[in-house]
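Dear colleague,

I am passing on the structure we spoke about, with some notes on its charged side chains. Please have it open while you read the rest of this message.

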Amino acid sequence: MPKDMMTPDTDRPRTRAPRLRKPDATDGAAIWDLVRACKPLDENSMYANLIQADHFRDTCVVAELDGEIVGWISGHMIPNKDAFFVWQVAVSAKARGLGLGKTMLFELIGRDELSGAKALKTTITEDNDASWGLFRSFARAIGGELTDEPHYVKETHFDGAHDTEHMVTISLPADEAALKSAA
């Protein structure tokens, strides 16, 4: 048997990029499975992911590879604010190392539904190095300023059961062309 036929698929170089799209309600269970597989992400209920994929599809994105959801970002415009809030970013082990998190962020902020956003906001615990890396890299790529401050405090908001979440704010360029060239 030729060597390349004996090599497992996981050893072959990845040449295809995941396909990005808006989610729909039928994606809820697959999104829930992805989030559960991406420890230490907080698990929401399957119903919450279904609602996000259905009601907030314009401000969420899924990434598919070979028909499987391998990436997910949930988010929403903050009511009465000109800011887009990223709730959760999940990337399957099968798609790590491809820059998928940042690619999905660019996909989202390029959408018409987010054209009024002047800032991207998210919360991150101090010890979440992967999230800090993603959002710092994104801020550098778009030339945005990143600031943070404690927002949801361990004792005040979580009754001591969850680490303090820092509100991260990244200024978004007003020029759409600047965003497209950064992507």
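Which residues are linked in a network of salt bridges? In this model, which is predicted, the network is made up of Arg 19, Arg 21, Asp 27 and Glu 64. The count of salt bridges comes to twelve, and three further pairs are described below.

Asp 58 and Lys 22 are joined through their side chains by a salt bridge, with an N to O distance of 2.9 Å. This pair links distant parts of the chain, 36 residues apart, since Asp 58 sits in the loop between helix 3 (46-55) and strand 2 (61-65), while Lys 22 sits in the loop between strand 1 (19-21) and helix 2 (28-37). Asp 58 is partly exposed, at 31% relative accessibility, and Lys 22 is also partly exposed, at 26%.

Within helix 2, Arg 36 and Asp 33 lie three residues apart, which is about one turn of the helix, and their side chains form a salt bridge at 3.5 Å, N to O. Arg 36 counts as partly exposed at 34% relative accessibility, as does Asp 33 at 43%.

The salt bridge between Lys 118 and Asp 82 has its closest N and O atoms 3.7 Å apart. Here too the pair links distant parts of the chain, 36 residues apart, with Lys 118 in the loop between helix 4 (100-109) and strand 5 (119-125), and Asp 82 in the loop between strand 3 (68-77) and strand 4 (83-91). Lys 118 counts as exposed, at 55% relative accessibility, whereas Asp 82 is partly exposed, at 36%.

Terms used. Residues numbered from 1 in each chain as written. Predicted model: local features only at pLDDT ≥ 70, side-chain atom pairs only at ≥ 80, totals over all residues. Heavy atoms only, no water. Salt bridge = Lys/Arg side-chain N within 4 Å of Asp/Glu carboxyl O. Helix = DSSP H or I, 4+ residues; strand = E, 2+ residues; numbered from the N terminus. Buried < 20%, exposed > 50% of the residue type's maximum accessible area, 1.4 Å probe, protein only.
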